[in-house]
Amino acid sequence: MAFQKAVKGTILVGGGALATVLGLSQFSHYRRKQVNLAYVEAADYITEPVNREPPSREAQLLTLQNTSEFDVLVIGGGATGSGCALDAVTRGLKTALVERDDFSSGTSSRSTKLIHGGVRYLQKAIMKLDIEQYRMVKEALHERANLLEIAPHLSSPLPIMLPVYKWWQLPYYWVGIKLYDLVAGSNCLKSSYVLSKSRALEHFPMLQKDRLVGAIVYYDGQHNDARMNLAIALTAARYGAATANYMEVVSLLKKTDPQTGKERVSGARCKDVLTGQEFDVRAKCVINATGPFTDTVRKMDDKGAADICQPSAGVHIVMPGYYSPENMGLLDPATSDGRVIFFLPWQKMTIAGTTDTPTDVTHHPIPSEEDINFILNEVRNYLSCDVEVVFGQVLAVWFHILALVTDPKSADTQPISRNHIVDISDSGLITIAGGKWTTYRSMAEDTVDTAVKVHNLKAGPSRTVGLFLQGGKDWSPTLYIRLVQDYGLESEVAQHLAATYGDKAFEVAKMASVTGKRWPIVGVRLVSEFPYIEAEVKYGIKEYACTAVDMISRRTRLAFLNVQAAEEALPRIVELMGRELNWSDYKKEVLILKSDGLTVPTYFTEMEELETARKFLYYEMGYKSRSEQLTDRSEISLLPSDVDRYKKRFHKFDEDQKGFITIVDVQRVLESINVQIDENTLHEILNEVDLNKNGQVELNEFLQLMSAIQKGRVSGSRLAILMKTAEENLDRRVVIPVDRSCGGL
């Protein structure tokens, strides 16, 4: 094992020089032999998890309180922090992990969903002869291969098309992409290839065909980022790490080293955010893996510490799946301001992003309309004019904050390297900062290596190469078929469960409720358009979900796919969680015993939980942008003929000429054409347009809606579709569709 570590160290530190001496092809062969050796030797040292299932949160809190001293305490439950905990615990170190919010609640759940080496970083490495960029790409491509192997249910290769609109760019980009394949060596997923114009349009029919000369397709990986992060944390818990979300570090503990007389960090004072309870967690080594909040923790250690991170903001939008092929992404290598935009299929939707601008650090980042419009404008440049790209088709939006390692005096985020650094403070606090999602494992390995060396911990080398994450070991591409056959689940639901939980999908299926239908037998959906079922809420609590926000954004991904659907699912989700966690619809006092023998009252209410989740959707996931497209101050800009047409449609429902319509009016019209829609659904439909929330839709509100639809600011309004269809079919007695037709914000 010492030999393997020495070889790896040589490549990481001096790989660029070695590549220069041996030549790229020889270097790739040399690296391939080293990687295979690392996998075999690492796998030989892995022991079985100590827990078949992750212990409950309550059990984890008791472990945190009652353990006299841990070897390692990791602060931060994102990808890197969870990776550090898994790396440490699998080396035999007594490990603790605390996170002030939920696992993956920050940047790790708001990524572009790619597992990639970084084509643009390789371009910089070549153009600027930057050996650090080259090493970073090389390392990332190795980690990409490993991640696809250890979590096959959560990740897969994705072909990405680079459209070419100038003939000279075709050989230029082809050489760059082929170098990307070459640097990957044996870790190359599939070889890149060139497409003619006709073949490119065959694969990506939505593409702008004017001036298109061809395209190049290369492969990277894609994953479900929040679920991947959670799998890392759950795997660490199964191997014996004491992991707890909603545990905030309020201060660092210190003690004097008897040998040097200097103060050393010796743990942290932690606060349970859900109950207010505080206690000390002591450790020989504390690792700061808090992403954008890196400098906040460093200043707990030393108030005078200089900032080492410069936050950069990125915004992504989600659009209906028909904007992209089901299995082909798109890369815009040079946007109007020089940034890169990805346009990717994900979870049967389409992701577009990201922006890259300096920002302030906040726990609740809010996307702006300006960023959304920038992405929409860039997307329009690459899609056919037949494909309308409008604000109203945006289903969800999110804003992430990258912690880029930089000189504190630097004001520009774009040229900053995505390399990571491991910093050691005078008091022994270990900080890991920078890097990227793909390289979380190698970052964790470097961090724990440093911790072991600096704090003289007794531990062997890293054992996480090839270590399967939760759900990955016994997963197979056909696992979903057994779920359909053994439990009577819908095929779409079974595929979703297999791709989300891997070999743990059977446990979710066992919890599924009977539907009362001939088929499917079990698996009641939370919302009709998505394959999420009620059993996932119950299982999510076993995965440390504590709030409704945890459930809609990270246990399921509903909030990231369609905020309206997430809002509709919320009442049922809160009801199910309340039943499992003993919430109440009225204020219920729960006495929490503190370590000093006193009790503190804590309150859990379903109504407050519902309101908190709605605020999350409104501010952080794009619902605010939707509401601002249609307000009681929205301008009505319709032609006189359109106004007359829409008034006529409105008065078919408002036959008494009241100037407004209610649920009763809608029900009357529907009954006249023998159509029935349940009252709760009608409430939801009218509420989408009821701007002043008085329980009725005025004529002015209806005209504002129709004006916004014409401008493309609103799309897929169920009330507009219902009223139009009713008007056209009053005499034909046809069923009126009321499901969202992929309409956006």
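The structure is a predicted model in which local features need pLDDT of at least 70 and side-chain atom pairs count only at pLDDT 80 or more, whereas totals for chains, interfaces and linings use all residues. Residues are numbered from 1 along each chain as its sequence is written, and side-chain values use heavy atoms, with hydrogens and water left out.

The protein chain contains 26 helices and 22 strands; helices (H or I, at least four residues) and strands (E, at least two) are DSSP runs, numbered from the N terminus. Of its 745 residues, 58% count as buried, where buried denotes under 20% relative accessible area, exposed over 50%, and partly exposed in between (1.4 Å probe, protein chains only). The accessible surface comes to about 30800 Å², and carbon and sulfur atoms account for 52% of that area; accessible areas were computed by the Shrake-Rupley method with a 1.4 Å probe, and for residues only the protein chains shown count as cover. Among contacts (heavy atoms within 4.5 Å) between residues at least 6 apart in sequence, 72% join residues at least 24 apart.

Helix H13 spans residues 479-487, and its residues Leu479, Leu483 and Val484 are buried. These residues cover an arc of only 150° around the axis and therefore lie on the same side of H13; the arc is that of the directions from the helix axis to the C-beta atoms. In general, an α-helix has 3.6 residues a turn, so residues three or four places apart point the same way. The buried residues of H13 pack against helix H14 (491-501) and helix H15 (505-511), while the face turned away from the buried side carries the exposed residues Gln485 and Asp486. Gly488, with a positive phi near 80°, follows H13.

Helices H14 and H15 also take part in covering the buried residues of H16, together with elements that include helix H17 (548-555) and helix H19 (563-581). Helix H16 (residues 535-542) is largely enclosed by the rest of the structure, because six of its eight residues are buried. The buried residues in H16 are Ala535, Glu536, Val537, Tyr539, Gly540 and Ile541. Tyr544, which follows H16, has a positive phi near 75°.

Within helix H19 lies Glu567, which is partly exposed at a relative accessible area of 28%. Not counting residues up to four places away in sequence, Glu567 touches Arg614, Leu617 and Tyr623. The C-alpha atoms of Glu567 and Arg614 are 6.8 Å apart in space, although 47 residues separate the pair in sequence.

Lys94 is located in the loop between helix H4 (79-90) and strand S2 (95-98) and is partly exposed, with 45% relative accessibility. Beyond residues up to four places away in sequence, Lys94 touches Thr67, Glu69, Phe70, Asp71 and Val72. Its C-alpha atom is separated by 8.6 Å from that of Ala242, 148 residues apart along the chain.

On the surface, Ile126, Met127, Trp168 and Tyr172 form a nonpolar patch with about 450 Å² of accessible area together. Tyr172 belongs to helix H7 (residues 169-184) and is partly exposed, with a relative accessible area of 35%.

An unreviewed UniProt entry lists "domain: EF-hand" for residues 641-676 and 677-712; such annotations may be inferred rather than shown by experiment. Residues 641-676 are 64% helix and 6% strand, with end C-alpha atoms 32 Å apart. For residues 677-712, the content is 61% helix and 6% strand, and the end C-alpha atoms lie 28 Å apart.

Conventions: Patches are made of residues with over 30% relative accessible area and no salt bridge: like charges are joined within 9 Å, nonpolar side chains (Val, Leu, Ile, Met, Phe, Trp, Tyr) within 5 Å. A salt bridge is a side-chain nitrogen of Lys or Arg within 4 Å of a carboxyl oxygen of Asp or Glu.
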